[in-house]
Structures are given as structure tokens and as C-alpha cells.
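Work through the exercises below with the coordinates loaded. Each task is followed by a solution in steps.

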Amino acid sequence: MALLEVRNLSINFGGLRAVDEFNLDIEKGELYGLIGPNGAGKTTVFNLLTGVYKPTEGIITLDGKDITGHRTEEINKAGIARTFQNIRLFRLQSVIDNVKIGLQNQYHYSTISGILHTPDYRKVEKEIDERAMELLKVFGMDGQRDYLSSNLPYGAQRKLEIARAMATNPKLLLLDEPAAGMNPNETAELMETIQLIRDKFDMTILLIEHDMKLVGGICEKLTVLNFGRILTQGDTKTVLSDPEVIKAYIGE
Amino acid sequence: MKKGLSKTSLNQLITYGIVIAAYIILQALRSAGMMTSHLAGLLVPMTYYAIAAVALNFCVGILGELSLGHAGFMCVGAFSSAIFSNVFKETLPGGLRFFLAFVIGIAVAALFGFLIGIPVLRLKGDYLAIVTLAFGEIIKNVLNAVYLGKDSKGFHVSMTNSMALGMEEDGKVIINGAMGINGTPRDANFTIAVIVLLIVLFIVQNMINSRDGRAIMAIRDNRIAAESVGINITRYKMLAFTISAAMAGAAGVLFSHNISTLQSTSQYFGYNVSILILVYVVLGGIGSIRGSVIAACILYLLPEMLRSLNKYRMLIYAIVLIAMMIINWAPAAREMRERFFAKFRKEAV
Ligand SMILES: Nc1ncnc2c1ncn2[C@@H]1O[C@H](COP(=O)(O)OP(=O)(O)O)[C@@H](O)[C@H]1O
Ligand SMILES: [Mg+2]
């Protein structure tokens with residue numbers, strides 16, 4: 001059984017069928033690409049997978065558990081974390097606090113402990129701090145721990161968003177155009193980071209990317225979306241040589 | 001790691017330090033006879049407005065939800081605790097009675113906050129401002145029309161007049177309609193008020209630096225991202241709003257135990273009071289807890305102190321408002337303040 005199974009997923013926005021009969025199987029450990037021209041419905045698929053939108057039809061199963069129609073925060077607890085096409089950091093908080101917020105559901109103490117700063121609070125906060133630093137180190141951001149997150153350069157903000165998502169300890173990581181707006185240097189570094197997460201955490205990743213070349217370099221499998229429908233899906237090589245795909249992109 | 005921790009705790013200590021220093025100075029002035037009785041009478045109100053401002057800032061600046069009804073929470077805290085203290089005026093010792101009055105005033109205000117939060121805080125959008133505004137006005141007007149008495153059989157309520165309570169000979173009117181509550185024991189004093197302020201500051205500042213506080217501020221900064229990392233939005237909004245209401249209730253308890261006749265008038269509990277508290281919060285800096293305390297104290301005392309200047313009073317008040325806005329929000333002023341505090345930090349570390 002695949003880690004993520006999506007069956008006949010569809011959503012209507014008024015008259016627009018933004019996603020139509022979408023199917024997807026992602027095996028554990030895969031790095032999977034979701035590509036397609038602008039407005040094809042890629043972000044909408046992410047929003048459906050994470051419960052931001054409720055599907056009109058279809059079923060989503062994560063690790064054998066039906067999560068269709070669940071609330072976003074429940075789906076995160078079930079094991080899906082994501083980043084956003086338009087960066088959504090906790091702007092007024094420091095770099096490390098952004099990661100600590102991601103760790104929220106892994107470390108617990110009571111509200112009263114938090115108000116009284118009991119020994120329990122101190123102990124758990126220390127663990128949170130250490131874990132957050134570990135994660136920042138993986139992303140090479142430990143030097144910026146006390147920076148205001150909104151003061152980071154663009155590429156670092158994207159990386160911090162990934163670090164925050166990873167902090168929730170997901171089974172599946174969704175990255176929505178992580179290279180958007182990056183210069184070639186930043187993009188190359190990002191690709192390394194993605195590989196690193198995959199190896200280090202044995203993570204399953206679904207990646208939206210607009211740029212086909214970039215995606216061809218790292219993804220094993222691809223699904224191509226066009227006007228809300230699946231154009232083709234399968235091995236990266238096969239998909240990228242499909243004349244339909246080339247046509248969709250050139251026709252854009 | 002150490003550095004980050006000490007910075008936040010130092011910041012907290014500065015706040016407590018300012019409050020305690022101000023308290024010592026004001027008490028010294030008073031006992032040295034260098035304070036007019038008029039000014040001495042303003043100390044408790046000044047402190048409960050500071051508490052109300054901290055409570056509102058917790059809601060507006062930390063949770064990021066606008067409330068225009070915090071005077072309403074003060075009002076329910078004031079009335080519920082005054083009712084309690086009147087009922088047990090003869091039967092309970094002063095200290096215990098006042099402590100329980102706090103428990104009751106805080107609990108009732110928290111309950112109202114919770115009940116308002118249930119329908120409103122699950123909505124996306126700025127509905128809270130409208131609903132709290134309505135709540136404040138409704139509470140004020142209802143308490144203006146209510147008659148409550150107690151006799152050997154228990155409590156009697158009426159909305160017509162005190163005769164309609166139908167009490168026995170020994171019955172005592174507690175809330176006399178628009179005449180309000182008379183004869184609440186004056187248990188509040190400046191020292192107790194400052195202790196309550198310090199407790200409120202302790203709760204708020206500690207909470208901000210805890211798991212719950214981070215979740216609450218995450219919702220403020222980006223609701224969608226907060227959901228995506230598994231934060232239960234409704235739960236934390238309810239928690240923060242209820243605590244905020246409870247703290248405003250504590251301010252109300254001080255209010256009703258510092259006044260001989262408690263009336264539910266616009267002057268004390270109308271929406272204009274909610275707005276006034278909001279002005280303290282905005283001018284002290286949204287999200288800056290210490291700023292709320294300082295702004296509330298200065299802006300409460302100032303118009304009172306300027307009474308002798310009569311004509312020019314509001315003019316000077318307006319100038320101070322503008323000056324505070326500039327000091328708090330102008331980039332140059334902010335930078336200066338940062339540098340000032342940075343110096344402090346270096347010395348202290
Ligand atoms: N909340 C919404 N309401 C109405 N239409 C939407 C909404 N979200 C997305 N759409 C539409 O759905 C289509 C797909 O959008 P999107 O998923 O963002 O595309 P992509 O990420 O592939 O560029 C677009 O036509 C977009 O306008
Ligand atoms: Mg998109």
C-alpha cells in the first residue's frame with residue numbers, strides 16, 4: 001500500500017472545476033513531482049490534501065488512514081506538512097521560534113506550567129530549544145536563530161518554511177514551488193537541501209515545480225496537470241518525453 | 001542559547017522593576033504628605049486601568065483579535081464581586097472575603113469571555129469587535145435595569161423596581177436598579193492593586209514565553225500557516241480571549257471595591273471606556289505589555305492632574321497623545337530606544 005493514495009479527487013469553485021478526477025499514489029521514500037502550467041490546479045491539489053479546501057468528490061488516504069475532509073491541523077497531526085507558494089512565516093517571530101512553533105505537538109507541558117514556569121516547563125523548553133537548534137543546523141541556519149524571520153533573505157525564508165514543516169515530524173512533505181523567485185545559486189542550494197532532507201530523514205516528498213528542467217533533475221516520478229486534469233503520470237523520463245506534455249508547456 | 005533566554009527574562013524584569021519603583025516612589029510621596037488627596041485617590045483607578053490595558057493588549061496585540069468590549073468584562077467583574085462582598089460583608093473576614101471576591105469577579109468575567117468566544121472565535125474575520133461592542137453595551141444597560149435583593153429565603157430578582165422584589169422584612173436590596181450597588185466594603189487599596197497588576201504581568205509575560213504563547217502569536221502572525229503546523233486555532237483563541245476577559249474582570253473587582261456606589265453608567269463601563277483602554281494599548285505599542293502599563297498610567301493621570309488648567313487641559317492631553325505616538329512609533333525614536341536598552345543589556349549581562 002502506498003503512503004499517500006488519492007482517488008478521484010475533484011473540487012468545484014462555482015462553475016470552475018479546478019481539479020478533476022485526480023489520482024495519485026506515492027510510495028514511502030519517493031520524491032515525486034507535480035508539474036503543469038500556471039493555473040493548472042497544482043496548489044489546489046495541495047490545499048485539498050491539507051484540508052484547506054474540502055473536496056467535492058474523492059478520497060484521500062494517508063498511511064492507510066482516511067483523512068478526507070479532516071481539518072488542516074488534524075491532517076498535520078496525521079503526518080502531512082507543507083510549505084506555501086507565497087511564503088507564510090510567522091513574521092513577527094524569530095527564526096528559532098518559527099521552528100519551535102512547528103514542534104508544538106511533539107513536546108507538551110500544561111498551560112499552568114507555562115504560566116508558572118515550573119521545572120517541567122524548564123525541562124521541556126530546553127528539549128524544544130535543543131531540537132529546534134538541531135533542525136536549524138541541518139538547514140545551516142543556526143547562526144540566524146535570533147533573527148526576525150521577516151528580515152531573512154528570500155532564499156533563507158523558503159528554507160525556514162521547510163525547516164518549520166519538518167519540525168512537525170511529518171510522514172509526507174509537500175513543497176509548493178520552493179524555488180520560485182530564487183536566483184540560480186539559491187536554487188542549486190535548495191535542491192541540495194531537498195536531497196539532504198530526503199536522505200537524512202528518509203522523507204517522502206511531493207514537490208510542485210513550475211520549471212520542468214529543475215524537476216527532471218531530482219524527481220523519480222511525475223504527474224502532469226493541465227486545466228485541472230491529469231495529462232500523464234509515471235517515470236520522470238517517460239513523462240518528460242511525452243509529446244502531450246511538451247505541447248502543454250510550449251502551448252502555454 | 002543562554003543569551004536568548006536571559007534577554008527575554010531581563011526584559012520581563014525591567015517591567016516588574018518599573019512597576020515596583022513607581023509604586024515605592026508614589027507610596028513615599030504619599031506618606032511624606034507630598035501628594036494631594038485628589039492624586040492619592042487616583043492611584044487605584046490608575047492601576048486598574050493599567051490592568052485593563054494589559055488585558056486588552058493580550059487580546060489585541062498578542063492574539064491579534066480586536067475587542068471593543070473590555071469595559072463590559074470589567075463591568076461583570078465589578079458587579080459580581082460587589083454582590084458577593086455585600087452578601088458576605090458581615091460573615092467573612094475582610095482578607096478572605098476580598099480574595100474570594102477576586103475569584104468570583106475573575107471567574108464570571110472569564111465565563112462571559114468564554115461564552116462570547118464560542119460562537120465568535122470560530123469565525124474567520126473581524127466579528128469579535130462588533131460582538132464585544134454589543135456585549136459591553138448590553139451588559140451595561142441590563143445592569144442598569146436590574147434589581148436584586150436577598151432575604152432569608154434567598155435571592156430575588158426584578159426588572160421593575162425594588163418593591164417588586166417582594167422580600168420579607170429582613171430583606172436587603174443589593175442592586176438597586178440604576179442606583180447600583182451601595183456600601184460595598186472598600187477592600188481595595190494601592191498596594192493590593194499593584195500586587196494584582198504584578199500578577200497579571202507575570203501571567204501575561206510568562207505565557208508569551210511558553211508553548212501556548214507561541215501558538216497564540218503564531219495564529220496572529222499567520223492563521224493558515226499556524227493551522228498547517230497542527231495548531232488548533234479555535235482552542236488557542238478561546239484560551240487567550242478567556243484569559244484576557246478574566247484579567248479585565250480582575251480590574252473590575254478593584255474598581256467596585258474602591259468606590260462607595262457602583263453604578264453601571266457609560267462613564268465607567270460604556271464603549272467609550274473600552275475605546276479609551278484601546279487608546280492606551282495603541283499608544284503604548286500594540287503587543288508591548290510594558291508600553292500598555294506606562295501609557296495607561298500617564299494617560300489616565302494626565303487629564304486628572306491638568307484639571308486646574310481647565311481650558312487648556314484637553315489641548316495638552318492631545319499634544320501628549322501625539323507626542324507618545326511619535327515616541328512609540330517613529331522609526332528614529334524606536335532606534336534610539338533600542339540602543340538605550342541595548343546598553344542596559346550589556347551592563348546587566
Ligand atoms: N479559492 C478559490 N476560489 C476560486 N477559484 C480558485 C480558488 N483557488 C484556486 N482557484 C482557481 O483554480 C485554478 C487553479 O489554481 P491553482 O491551483 O492555484 O493553480 P497552480 O497552482 O497550478 O498555478 C485557477 O484557475 C484558480 O483561479
Ligand atoms: Mg500554485
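Buried means under 20% relative accessible area, exposed means over 50%, and partly exposed lies in between, with a 1.4 Å probe and protein chains only. This is a predicted model, in which local features need pLDDT of at least 70 and side-chain atom pairs count only at pLDDT 80 or more, while totals for chains, interfaces and linings use all residues. Residues are numbered from 1 along each chain as its sequence is written, chains are lettered from A and ligands numbered from 1 in the order in which they are written, and side-chain values use heavy atoms, with hydrogens and water left out.

**Exercise 1. Apply the accessibility test to the salt bridge of A:Lys28 and A:Asp202.**

Step 1. The N to O distance of this pair is 3.9 Å.

Step 2. A:Lys28 sits in the loop between strand S2 (16–26) and strand S3 (31–35) of chain A, and A:Asp202 in the loop between helix H7 (184–201) and strand S8 (204–209) of chain A; they are 174 residues apart.

Step 3. With a relative accessible area of 58%, A:Lys28 is exposed. A:Asp202 has 49% and is partly exposed.

**Exercise 2. Describe the salt bridge between B:Arg223 and B:Glu227.**

Step 1. The side chains meet at 3.8 Å, N to O.

Step 2. Both residues belong to helix H9 (residues 223–228) of chain B and are four residues apart, about one turn of the helix. An α-helix has 3.6 residues a turn, so residues three or four places apart point the same way.

Step 3. B:Arg223 is partly exposed at 23% relative accessible area, and B:Glu227 is buried at 16%.

**Exercise 3. How many salt bridges cross the interface of chain A and chain B, and which residues form them?**

Step 1. The contact (heavy atoms within 4.5 Å) takes 35 residues from chain A and 29 from chain B.

Step 2. The buried area, meaning the accessible area (1.4 Å probe) that two parts lose on being put together, summed over both, is about 2,800 Å². Carbon and sulfur atoms give 55% of it.

Step 3. One salt bridge is found across the interface. It joins A:Glu125 and B:Arg214, with the closest N and O atoms 3.0 Å apart. Over all chains the structure holds 25 salt bridges.

Step 4. B:Arg214 is found in helix H8 (residues 211–221) of chain B and counts as buried at 4% relative accessibility. Neighbours within four places in sequence set aside, B:Arg214 contacts A:Gln93, A:Asp97, A:Lys100, A:Ile101, A:Glu125, A:Ile128 and B:Ile208.

**Exercise 4. Characterise helix H1 (residues 42–49) of chain A and the largest cavity.**

Step 1. Seven of the eight residues of H1(A) are buried, among them A:Phe46, A:Leu48 and A:Leu49. A:Gly51, which follows H1(A), has a positive phi, near 80°.

Step 2. On a 1 Å grid over the protein atoms alone, a cavity is a set of points where a 1.4 Å probe fits but cannot get out, and lining residues have an atom within 4 Å of a point. The structure holds one cavity of 30 Å³ or more, and about 30 Å³ of space lies in the largest cavity.

Step 3. The lining of the largest cavity includes A:Leu48, A:Leu49, A:Gly51 and A:His70.

Notes:
Helices (H or I, at least four residues) and strands (E, at least two) are DSSP runs, numbered from the N terminus. A salt bridge is a side-chain nitrogen of Lys or Arg within 4 Å of a carboxyl oxygen of Asp or Glu. On a 1 Å grid over the protein atoms alone, a cavity is a set of points where a 1.4 Å probe fits but cannot get out, and a pocket is an open set with protein on both sides within 12 Å along at least five of seven lines; lining residues have an atom within 4 Å of a point. Grid points are joined across faces, edges and corners, and a volume is the space filled by probe spheres set on the points.
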